Amino acid sequence: MPTPFAPQVSICLVAVPEVAAGVLYGFRDVFSFVGVGWEMLTGWPEGGRRMAVRVVAEDRTPFHNSAGVLIAPELAFDEVPRADVVIVGDFAIGWSDETRGRWPAAAAWLRQQHAKGALVCSVCTGSLMLAEAGLLDGEEATCHWASADLIRRRYPAVKLRPERVLVPAGAGHRLVTAGGSSSWNDLALYLVARFCGEDEARRIAKLFLFGDRSAGQLPFAARVRPRQHQDAAVAAAQVWIAENYACDNPVSEMTRVSGLTSRTFKRRFRAATGYAPLDYAQSLRIEEAKQMLETGDAAIDAVAEEAGYAEPAAFRRVFKRATGISPLQYRQRFRRVAAE
């Protein structure tokens, strides 16, 4: 059983009237699921909540943002001694809007938090606040492409890289800027991987369908934890196949272990687990293959053999039927999650 992780990573989301509610509360929802969401939706145990996330502002007074959405700060700036991570979301700001001197309290608090060791991040036009705070002077940074000229004119000390989606910078990479509004997904996964590990980042990507969704939902799907039942013969077969999923003729071997006739075993196995025996064995093989593709560098044919497929072509066919994409595409997608 995994043990709880402590202390939790403290994350503060900066709220000002220009902030977009979708990104602000998107971050809040995603980080609230880190360490608990996988178990909630699949049944596989995790170690407990990993991140403590709060919306912070100059004071706790609720206000409406520029789109009319009610924002309710949970903490005031002066109530936060030190955060591990501070994030400035995207702003509704036009190309002619003045930003110099616009957020004095927030800019001062950002400088203070960064000086205390916090990792300070921004999304999209939120880079303007980091630039206004002077944190990006002499550093590489990115922003929404439409804001690039504005930043160049008003904050020329920033080394702008608008072609990049994510730019870690500064000593210890304690400054991280993300590009357009939707790149908050990339920043969220980067932070989860950085503080909670690559495996958790991949789980969060699958839970929230972060990444290319052109192939549908199957690439993100995972095997749900088998339901509990009281059939001892079926349970014995499940225990055995969990360690021997790569064997030849898995259904025959599970039947042998169960001590039942073939017909009775298949009927009772489906009644107990909801799976046909062969589908159950295939699901174990595919999940193992996914793990190898996500975390290792073995050739696809070697992954196929390790997962129990003598014919690589058969493996590719079964894998694509289960996930909607090829093994290579799967590796490219979920190996990339932690690197972004």
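Visitor: Which residues does Arg 333 touch, not counting those up to four places away in sequence?
Guide: Keep in mind that this is a predicted model. In it, Arg 333 touches Asp 212, Pro 219, Phe 220 and Ile 325.

Visitor: And where does Arg 333 sit?
Guide: Arg 333 is in helix α14, residues 327-336.

Visitor: Is Arg 333 buried or exposed?
Guide: Buried: the relative accessibility of Arg 333 is 12%, and the cut-off for buried is under 20%.

Visitor: OK, new topic. How many residues are in the largest nonpolar core?
Guide: That core has 93 residues. Val 14, Phe 27, Phe 31, Ile 87, Leu 110 and Leu 187 have the most contacts inside it.

Visitor: Which helix gives the most to this core?
Guide: Helix α6, residues 184-196, with nine residues.

Visitor: Let's zoom in on Leu 110. What is Leu 110 in contact with, leaving aside neighbours within four places in sequence?
Guide: Leu 110 is in contact with Val 14, Val 86, Val 88, Val 120, Met 129, Leu 130, Ala 133 and Leu 135. There's also another core lying apart from the largest one. That other core has 14 residues, among them Met 254, Phe 265, Ala 281 and Leu 284.

Visitor: Now the rings. How many aromatic pairs does the structure hold?
Guide: It holds 14 aromatic pairs. One of them is Trp 184 with Phe 210, which is edge-to-face, 5.6 Å centre to centre with 80° between the planes.

Visitor: Where in the chain are Trp 184 and Phe 210?
Guide: Trp 184 is in helix α6, and Phe 210 is in the loop between α7 (198-208) and α8 (232-244). They're 26 residues apart, so the pair links distant parts of the chain. Trp 184 is buried at 14% relative accessible area, and Phe 210 is buried at 7%.

Visitor: Which residues form the aromatic cluster with Trp 184 and Phe 210?
Guide: Phe 27, Phe 31, Phe 33 and Phe 208 form one aromatic cluster with them.

Visitor: What about Phe 265 and Phe 269, where do they lie?
Guide: Both are in helix α10, residues 262-273, four residues apart, about one turn of the helix.

Visitor: What follows α10?
Guide: Gly 274, with a positive phi near 85°.

Visitor: Last one. Which ring face does Lys 206 lie over?
Guide: Lys 206 lies over the face of Phe 334, at 5.2 Å from the ring centre. Arg 285 lies over the face of Tyr 309, at 5.2 Å from that ring's centre.

How values were computed
Residues numbered from 1 in each chain as written. Predicted model: local features only at pLDDT ≥ 70, side-chain atom pairs only at ≥ 80, totals over all residues. Heavy atoms only, no water. Core = buried A, V, L, I, M, F, W, Y, C linked by side-chain atoms within 4.5 Å. Buried < 20%, exposed > 50% of the residue type's maximum accessible area, 1.4 Å probe, protein only. Helix = DSSP H or I, 4+ residues; strand = E, 2+ residues; numbered from the N terminus. Contact = heavy atoms within 4.5 Å. Phe/Tyr/Trp six-rings, centres within 6.5 Å; stacked < 30°, edge-to-face > 60°. Lys NZ or Arg CZ within 6 Å of the ring centre and 35° of its normal.
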